[in-house]
Amino acid sequence: MAISPYVAVPNASHYWLCNARLPLALLDETVAHNRVIADLAAPPFAENLVAADVEIRAGYIAAIAPVGSAPHDATTVDVNKGLIFPCFVDIHTHLDKGQTWNRAANATGTFDDALRAIRGDARHWQPEDLYRRMDFGLRCSYVHGTKAIRTHFDAFDSMAKTALAIIHQLQQEWAGRILLQAVCLVSLDHYLTPEGEKLADWVAEAGGILGGVAYPNPELSEQLDRVFHLASERSLTVDLHVDETLDPTSMSLRHVAKTKIQQGFTAPVVCGHCCSLSTQSPDEAEATMKWVKEAAIGIVSLPMCNLYLQDRQSAYTPRYRGVTILHELKQRGIPVAVASDNCRDPFFAYGDHDGWEVFTQSVRIGHLDRPIADWPQVVTRTPADLMGLTDAGRLGLEQPADLVLFKARTFNELLCRPQSDRLVLRQGKAIEATLPDYAELDDLVGLGAVII
C-alpha cells in the first residue's frame, strides 16, 4: 500500500511552503517571540488555524511568516491552504506484541483472554521474531509520519535481556528517523524480588525507563515504594500501566501520586490507561486528580485499545467506553496524551501505528472538539514533552522540518477522511511512502484461520 503525496516538494535545501494553515496550538514560543501571532491569521481565526508561509532551509524551519512573505525569486510550493503538522509522537506502544494476531488471535476479545493468548505466544519471541515484528511496526509508524515512539516490553525472566538487545539494535538502525524509548513491563511485585533489582539495573544500563502494572493489592504501597526507590537510585524515569479496568474501586493512580510525593521523587512519571476514573464518582475522581496534579504526573489515554477491551461481554453491547476523563484532567492542568497502544495483537485486533488515526478516533470517541482548540497537542507536543523531547511535536523556528502535510484545509476536512494522501517530510525531504506488506511476516505469524 502506498501513500500518495499530493504536492511535489523539491529536492532542494532551501524552499518555501506557501499558503499553508498551521494549528495555532502547535506553534512554539519562538514564533510568538519573533512575530505577533495575529499577523499570521487569516481573519477571523478559523478552527484555531493560522495562515502562513513556511521557509525550509537545510532541513530546518527558518521562518514562519504571513502568507505572501516568500521572496519572488524563491523556490516555492503552494500547498493551497493545506494543513501542516509536526510529525507525530507515539508515547505508548507495545512493539514486542505487535503483528501477532494471526498467530495468537483473541477469540473473545476480552482482557483476560488477551493475557492468555499473549502468554502462549511468548514462546515464539526469539530474537528474529521480535526484531522483524518490531521493525515492521516502526516502518508503519515512519511512513505514517511518526518520529518518536516509546514502547513497553514484557520483561520477565530471560525476556528482558532479549528484548533490550533487540531494542538497542533497532535504536541504532533507526537513529535519525525514529527516536525509540523503551519501558520494561512487569507486575510490580516483581520489584520486591532480587530479579526485579537486576531488571532495574539492566534498564539503567540500557538507558531505559522503569515500568510495570499497578493494580490494587495488599502489597501495592510496598511495591510502589520499591519502584520509586529503585528508580531514584538509578536516576530513572517511571512509566506505569494503571487502573486498566472499569472497577470504580481501583484507585492505583491515587496511590502512585501519593507515593511520588511522599518519596520526594522528582523525575518524570507517566501513567497510562487510568480507565477506572471514568466510572468513579465525581468526588472520588476529583480527589485523585488533585493528587495527580500535585505530583506532576502525565496521563496517557489509549482510546482505541480501551474501547476494544473494556466492557466486552459475549452478545452484549458495551455501555462504557473505557476511556479516561480526558477533559477533566486537561481542565485541571494535568498533561494528557493519547497513543496507539497495541496493534494487531490479542489486546487490539486492529491499528497500524498511525498517529493520525489515533487522533481522529480519539476526537470522535472522547469528543475532543467543539472547539478543537489545543487538542492536536495530544499526539504531538504533549507526548514530546512527557518524553523529554524538545525537537519534536511543535512548529517553531530552528525546529527540524519533520512535518506532515495534508491536502485538507480545515479540521473538519481533516477529520472526515483517513488522509491517505498526506505527505511526510523529514528534514525537509519527502520520505519513501510505501507501507510494509503484511505478507512479509507470513512465515512468522502465518495467515490461517484467523478470527476477525
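**Values against cut-offs**

Trainee: Why is A373 called partly exposed?

Mentor: Its relative accessible area is 25%. Buried means under 20% relative accessible area and exposed over 50%, with partly exposed in between (1.4 Å probe, protein chains only), so A373 at 25% counts as partly exposed. Before we go on: this is a predicted model, in which local features need pLDDT of at least 70 and side-chain atom pairs count only at pLDDT 80 or more, while totals for chains, interfaces and linings use all residues. Residues are numbered from 1 along each chain as its sequence is written, and side-chain values use heavy atoms, with hydrogens and water left out.

Trainee: Where is A373, and what is its phi?

Mentor: A373 sits in the loop between α11 and α12. Helices (H or I, at least four residues) and strands (E, at least two) are DSSP runs, numbered from the N terminus. The phi of A373 is positive, about 45°, although the residue is not a glycine. Q427 also has a positive phi, near 50°, and is likewise not a glycine; Q427 lies in the loop between β15 (423-426) and β16 (429-430).

Trainee: Which peptide bond is cis, and what is its omega?

Mentor: The one joining R370 and P371, where omega is about 5°. P371 is in the loop between α11 and α12.

Trainee: What does Q377 touch, apart from its neighbours within four places in sequence?

Mentor: Q377, in the loop between α11 (355-366) and α12 (381-386), is in contact (heavy atoms within 4.5 Å) with A25, L26, T382 and P383. T382 belongs to helix α12, and beyond four places in sequence its contacts are P335, V336, A337 and Q377.

Trainee: What about C343?

Mentor: The sulfur of C343 has its closest cysteine partner in C140, 8.0 Å away, so a bond is ruled out by distance. C343 is buried too, with a relative accessible area of 2%.

Trainee: How are α7 and α8 placed against each other?

Mentor: Two packed helices are described by the angle between their axes and the distance between the axes. For α7 (residues 252-263) and α8 (residues 282-295), the axes come within 9 Å and cross at roughly 30°. Here axes are lines fitted to C-alpha atoms, for helices over the stretch in contact, and angles run from 0 to 180 degrees between N-to-C directions.

Trainee: What is the handedness of the crossing of α7 and α8, and what do the helices bring together?

Mentor: The crossing is left-handed, a name used if the near helix is turned anticlockwise from the far one by less than a right angle, with right-handed used if clockwise. L253, R254, A257, K258, K260 and I261 of α7 meet residues of α8 including E284, A287, W291 and V292.

Trainee: Which residues touch the most other members of the largest nonpolar core?

Mentor: In that core of 118 residues, they are L17, L22, I64, F85, V256, I299 and L403. The term means a set of buried Ala, Val, Leu, Ile, Met, Phe, Trp, Tyr and Cys residues joined through side-chain atoms within 4.5 Å. Another core, of 13 residues, lies apart from it, with V89, I91, A339 and M387 among its residues.

Trainee: What makes L403 buried, and what does it touch?

Mentor: L403, in strand β14 (residues 403-405), has a relative accessible area of 2%, so it is buried. Beyond four places in sequence, its contacts include L17, I56, F85, L395 and V424.

Trainee: Is K407 buried or exposed?

Mentor: Exposed, because its relative accessible area is 52%. K407 is in the loop between β14 and α13 (411-416), and its C-alpha is 7.8 Å from that of N80, 327 residues apart in sequence.

Key
A disulfide is a pair of cysteine sulfur atoms within 2.5 Å.
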